[in-house]
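Biologist: I'm new to this one. Can you walk me through it?
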Amino acid sequence: MFKKILIANRGEIALRVIRTCREMGIKTVAVYSTADKESLHVKFADEAVCIGKPASFDSYLNIPHIMAAAEITNADAIHPGYGFLAENARFAEICGEHEIKFIGPTPAMINSMGDKITAKETMIKAGVPVVPGGEGLLESLDQAKGMAKEVGYPIILKATAGGGGKGMRVVWEEADMERAYNTAKAEAGASFKNDGIYMEKFVEEPRHIEIQVAGDQYGKVCHLSERDCSIQRRHQKLVEESPSPFMTPELRQRMGDAAIKAASAINYESVGTIEFLVDKHRNFFFMEMNTRIQVEHCVTEEVVNFDLIKEQIKIAAGDSISGLNYEPQMHAIECRINAEDPYNDFRPSPGRINVLHQPGGHGIRVDSHAYAGYTIPPYYDSMIAKIIAVARTREEAINTMHRALSEYVIEGIKTTIPFHLQLMKDERFRSGDFNTKFLESFKMQ
Ligand code: MV4
């Protein structure tokens with residue numbers, strides 16, 4: 001097992017990794033930007049190294065600075081968390097060149113899922129359902145128009161280097177194709193330095209349901225059931241839960257099998273997630289694979305009673321997994337508490353937390369790096385806490401969540417707590433009848 005892990009991240013996920021390391025008897029190294037000097041991950045780690053100025057590019061994305069911190073502290077592994085360098089194949093490769101274990105998949109596995117057309121072709125070969133559409137890169141506007149006639153409108157244009165919603169365009173009829181084609185291509189080029197785009201049939205009002213998987217270095221892959229992430233706003237998830245209210249045992253069987261096929265197709269090693277779009281007829285289609293631990297991993301941890309960070313570290317150290325799949329034993333819901341004003345278009349609200357009281361009690365887990373007196377810097381994402389409610393039924397989990405939200409006191413900044421309080425009382429949310437469009441029509445009272 002590793003003796004010392006450097007955590008190349010900040011905020012709640014850095015703290016989350018430090019906690020598991022401590023339980024496993026592994027020493028930890030925090031890295032931090034000058035803006036994060038007073039952060040909890042710096043205080044809780046065994047050692048801490050400043051790696052640069054506030055801007056991510058100068059610190060949490062600065063590979064030479066992070067490698068230097070790992071070298072001087074003699075770390076034998078690096079945990080990348082999520083975001084920042086977590087899906088940077090070159091970073092994983094550089095770790096290998098320095099004989100420091102990257103806690104995640106190999107560079108080749110990251111690359112194979114990073115390019116969406118390549119990923120989709122791999123999935124077709126593996127027998128995983130994908131959204132119908134033209135295969136390969138679009139070469140011209142005329143080709144796009146011809147292809148759309150075959151696929152049938154509406155269609156969606158996506159960037160092959162994209163993911164997470166950037167550079168997508170929905171096209172409802174041929175008259176709109178030229179403008180959409182040109183803007184999608186320009187946006188892809190500007191965002192990813194790769195203007196390759198491809199076409200899919202547009203799935204209307206889909207649910208976003210993802211399957212957690214784990215694979216070891218010896219070819220064993222298992223799944224740990226689903227998370228429903230349909231409650232999103234502008235491609236930002238706000239609430240995740242497991243099991244999905246839309247799930248049936250038969251659908252879980254089929255999606256779990258598909259997820260295992262997907263991960264096995266690239267001999268996946270580490271924990272990861274297969275994202276699917278699910279239509280109202282319970283047809284599901286591969287969308288993307290995330291080759292990292294995700295923000296919402298806690299929901300799965302609570303329903304299958306499993307420490308996914310511990311599993312990820314053990315797999316990286318060469319341990320084997322049982323290969324058994326896991327089904328939800330409980331119902332868990334996670335609300336993301338962001339320093340944003342839900343009454344003002346979710347505008348970021350960084351600043352000092354003057355008063356803080358975090359909820360607790362039966363069925364409540366709070367993962368957060370916030371403390372009274374902490375100043376949220378404006379440079380990074382605005383998530384300051386995750387509340388996870390666990391109960392035997394969905395209704396009880398929602399009620400527990402509402403109770404916890406009502407106990408939460410955060411003064412000095414605006415947060416998404418009022419949004420979640422309203423959502424937990426919303427009849428449509430409570431009925432489980434929602435999809436990824438739900439928040440478009442949700443109004444704060
Ligand atoms: C789609 C789609 C409908 N049809 N693809 C959004 C993020 C990116 N990963 C893919 N996304 C979508 N792809 C087809 N063929 C609808 C979306 C989509 C979406 C997906 C999941 C969660 C929220 C979403 C919000 C808007 C659009």
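This is a predicted model: local features need pLDDT of at least 70, side-chain atom pairs count only at pLDDT 80 or more; totals for chains, interfaces and linings use all residues.

Biologist: Start with Glu93. Which residue does Glu93 bridge to?
Modeller: Arg90. Their closest N and O atoms are 2.6 Å apart. Both sit in helix α4, residues 89-97. They are 3 residues apart, about one turn of the helix.

Biologist: And is Glu93 buried, exposed or partly exposed?
Modeller: Partly exposed, because its relative accessibility is 36%. Arg90 also counts as partly exposed, at 43%.

Biologist: Next, Glu226. What does Glu226 form a salt bridge with?
Modeller: With Arg252. The closest N and O atoms are 2.8 Å apart. Glu226 is in strand β10 (residues 221-233) and Arg252 is in helix α9 (residues 249-265), so the pair ties together parts 26 residues apart in sequence.

Biologist: Why does Glu226 count as buried?
Modeller: Because its relative accessibility is 0%, and buried means under 20%. Arg252 is buried too, at 10%.

Biologist: What about Glu250 and Arg254, how far apart are N and O there?
Modeller: 2.9 Å, in a salt bridge between their side chains. The two are 4 residues apart in helix α9, so about one helical turn separates them. Glu250 is partly exposed, with a relative accessible area of 48%. Arg254 is partly exposed as well, at 34%.

Biologist: Which residues are linked in a network of salt bridges?
Modeller: Glu210, Arg227, Lys237, Glu240, Glu275, Glu296 and Arg336.

Biologist: Switching topic to strand β14. How many of its residues are buried?
Modeller: 8 of the 8, so strand β14 (residues 331-338) is largely enclosed by the rest of the structure.

Biologist: Which residues point which way from β14?
Modeller: His331, Ile333, Cys335 and Ile337 point one way. Ala332, Glu334, Arg336 and Asn338 point the other way. All of them are buried. Arg336 also belongs to the salt-bridge network.

Biologist: How many bridges join β11 to β14?
Modeller: 4, and the two strands run antiparallel. Strand β11 covers residues 236-242. Val239 stands opposite Cys335 of β14.

Biologist: And how many bridges join β14 to β21?
Modeller: 8. Strand β21 spans residues 383-391, and this pair is antiparallel.

Biologist: What is the bridge partner of His331 in β21?
Modeller: Ala391.

Definitions and conventions. Residues are numbered from 1 along each chain as its sequence is written. Side-chain values use heavy atoms; hydrogens and water are left out. A salt bridge is a side-chain nitrogen of Lys or Arg within 4 Å of a carboxyl oxygen of Asp or Glu. Buried means under 20% relative accessible area, exposed over 50%, partly exposed in between (1.4 Å probe, protein chains only). Two strands pair if DSSP finds at least two bridges between them.
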